[in-house]
Amino acid sequence: MQYRELGNTGLKISNLGFGASSLGSVFHETKENDSIMAVETAIEGGINFIDVSPYYGSYKAEMVLGKALKGIPRDKYYLSTKVGRYCKEGINSWDYSARRATESVYESMERLNVEYLDIINVHDIEFQTTLPGGLQKICEETLPALIELKQKGIVGHVGITDLQLKNIKWVIEHCDSGMVECILNFCHYCLNDDELVDYLEFFEKHGIGVINASPLSMGLLSQRGVPDWHPAPKTLTEVCSRAAKFCMEKDYPIEKLAIQYSVANPRIASTLFSSANPQNVARNIEWANQEPDEQLVADVRKIIGNQMRVSWANT
C-alpha cells in the first residue's frame, strides 16, 4: 500500500481508501457481520482512510461503521464524514445551514463512537445551488461553522465534495483562503472519465488535497454492468459494456484494471471504493498493490472513444 500526503493537512493516507456507503445497504441488502469484517479487512490490509456520510442508508452506514470501529485502535485510521445531505426513511433532504451542520457533526460522532473527526466534508454542494443563497451559502455559513468546530478541536480538517468539479472550484475561489483543505470528487478519474486531471494544478496551487471516488464509475466499469438507476446515457453504458467484455477476453477483469488505473496517479492522495464483502475488500487491496497493464488501459480507452468524459447530473 502506498501512502500519500493529503494537500497541506499533514495527513498521509493510503492510496486506496474505504468508502463505507455499502455498509448502509445503499446498493443491496448487507449483513452487519460481513460489514464489520470488511472494515477490519481494510485496516489489516493497510488502508488507513475511511469515508462515510449520514446520508448513506439513512444513518445506517455510520452506525454499522461505529460498531466496527469499536474494536480498532483510533490511531489506525483517519475518519471522514459529511454534513448537508441526509436521507430518512427513503426521503432525501438537504440542509447546509450552520446550525444543522454543527448538530450533524456531533450526531455523526455519536453514531461512529469517536471523540473527533479527522475530516468533515460539506456533502454534494451542487444541491445548494437550487436552495436559497446558492453556493455562496456554503462559503458564508456552512464552511465557517465547520471551521469553528476545527478551532475547538472537534474536527481536524474541512473539505467539500461534489460530482461537478466546476462547483468545487467556484467555492474555493469564493471562500476565505485555507477554509477548504481537501476535496472529494467522484467518477471523474476513472477509465472512462479523467476530467479531474484538468483541475489538479488548481488544487495543488491552493494546497488542497484531492480524494477520488468510484473507480468503477458507479458500476459502469464492471462485468455485472450498470444498475437500473444509473444516470449514464445509453451510449456510454454500451461502450463500457464492450470494454468489460474485451477485458474478460484478455483474462483481466475490468474492475481490476479500473482500480489499478485510479490509484496509480501520485497527484491524487486516495481513491475510495465501497464494499461490505470482506473477500472483495481483500481482492481490491491486492489489485491496488499491482501496476496496471498500460496497453490494456489504452485499448479500453480506445473502445470508449468519443464517450470519454461523458458525464451526468447528480442524483
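Reader: In this model, how many nonpolar, polar and charged residues does the lining of the second largest pocket have, by class?

Author: The model is a predicted one, and in it the lining of the second largest pocket has five nonpolar, five polar and two charged residues. The pocket itself has a volume of about 170 Å³, and its lining includes Asn 8, the run from Cys 175 through Asp 176, Ser 177, Gly 178, Met 179 and Val 180 to Glu 181, and also His 206, Gly 207 and Ile 208.

Reader: Turning to charged side chains, what is the general idea behind a salt bridge, and how many salt bridges does the count come to here?

Author: In general, side chains of opposite charge can pair when their charged atoms come close. In this structure the count comes to 17 salt bridges. One of them joins the side chains of Arg 301 and Asp 194, at 3.0 Å from N to O. Because Arg 301 lies in helix α10 (residues 294-304) and Asp 194 in the loop between β10 (182-186) and α6 (197-205), this pair ties together parts that are 107 residues apart in sequence.

Reader: Are the two partners, Arg 301 and Asp 194, buried or partly exposed?

Author: Arg 301 is partly exposed, with a relative accessible area of 24%, whereas Asp 194, at 13%, counts as buried, because buried means under 20%.

Reader: Which salt bridge does Asp 198 form, and which partner does Glu 204 meet?

Author: Asp 198 pairs with Arg 309, the closest N and O atoms being 2.6 Å apart. That pair links distant parts of the chain, with Asp 198 in helix α6 and Arg 309 in the segment after α10, 111 residues apart. Glu 204 meets Arg 267 in a salt bridge of 2.8 Å, N to O. Since Glu 204 lies in helix α6 and Arg 267 in the loop between α8 (254-263) and β12 (270-274), the pair ties together parts that are 63 residues apart in sequence. Salt bridges that share partners also join Arg 99, Arg 100, Glu 103 and Glu 107 into one network.

Reader: Leaving charges aside, which residues form a nonpolar patch on the surface, and where does Val 26 lie?

Author: The patch is formed by Val 26, Phe 27 and Trp 229, with about 310 Å² of accessible area together. Val 26 lies in the loop between β3 (16-19) and α1 (32-44), and at 40% relative accessibility Val 26 counts as partly exposed.

Reader: And is Leu 163 buried or exposed?

Author: Leu 163, placed in the loop between β9 (155-162) and α5 (165-174), is buried, with a relative accessible area of 0%. The C-alpha atoms of Leu 163 and Phe 127, 36 residues apart along the chain, are separated by 10 Å.

Definitions and conventions. Residues are numbered from 1 along each chain as its sequence is written. This is a predicted model: local features need pLDDT of at least 70, side-chain atom pairs count only at pLDDT 80 or more; totals for chains, interfaces and linings use all residues. Side-chain values use heavy atoms; hydrogens and water are left out. Patches are made of residues with over 30% relative accessible area and no salt bridge: like charges are joined within 9 Å, nonpolar side chains (Val, Leu, Ile, Met, Phe, Trp, Tyr) within 5 Å. Accessible areas come from the Shrake-Rupley method with a 1.4 Å probe; for residues, only the protein chains shown count as cover. A salt bridge is a side-chain nitrogen of Lys or Arg within 4 Å of a carboxyl oxygen of Asp or Glu. Helices (H or I, at least four residues) and strands (E, at least two) are DSSP runs, numbered from the N terminus. Buried means under 20% relative accessible area, exposed over 50%, partly exposed in between (1.4 Å probe, protein chains only). On a 1 Å grid over the protein atoms alone, a cavity is a set of points where a 1.4 Å probe fits but cannot get out, and a pocket is an open set with protein on both sides within 12 Å along at least five of seven lines; lining residues have an atom within 4 Å of a point. Grid points are joined across faces, edges and corners, and a volume is the space filled by probe spheres set on the points. Ala, Val, Leu, Ile, Met, Phe, Trp, Tyr, Cys and Pro count as nonpolar, Asp, Glu, Lys and Arg as charged, and the others, Gly among them, as polar.
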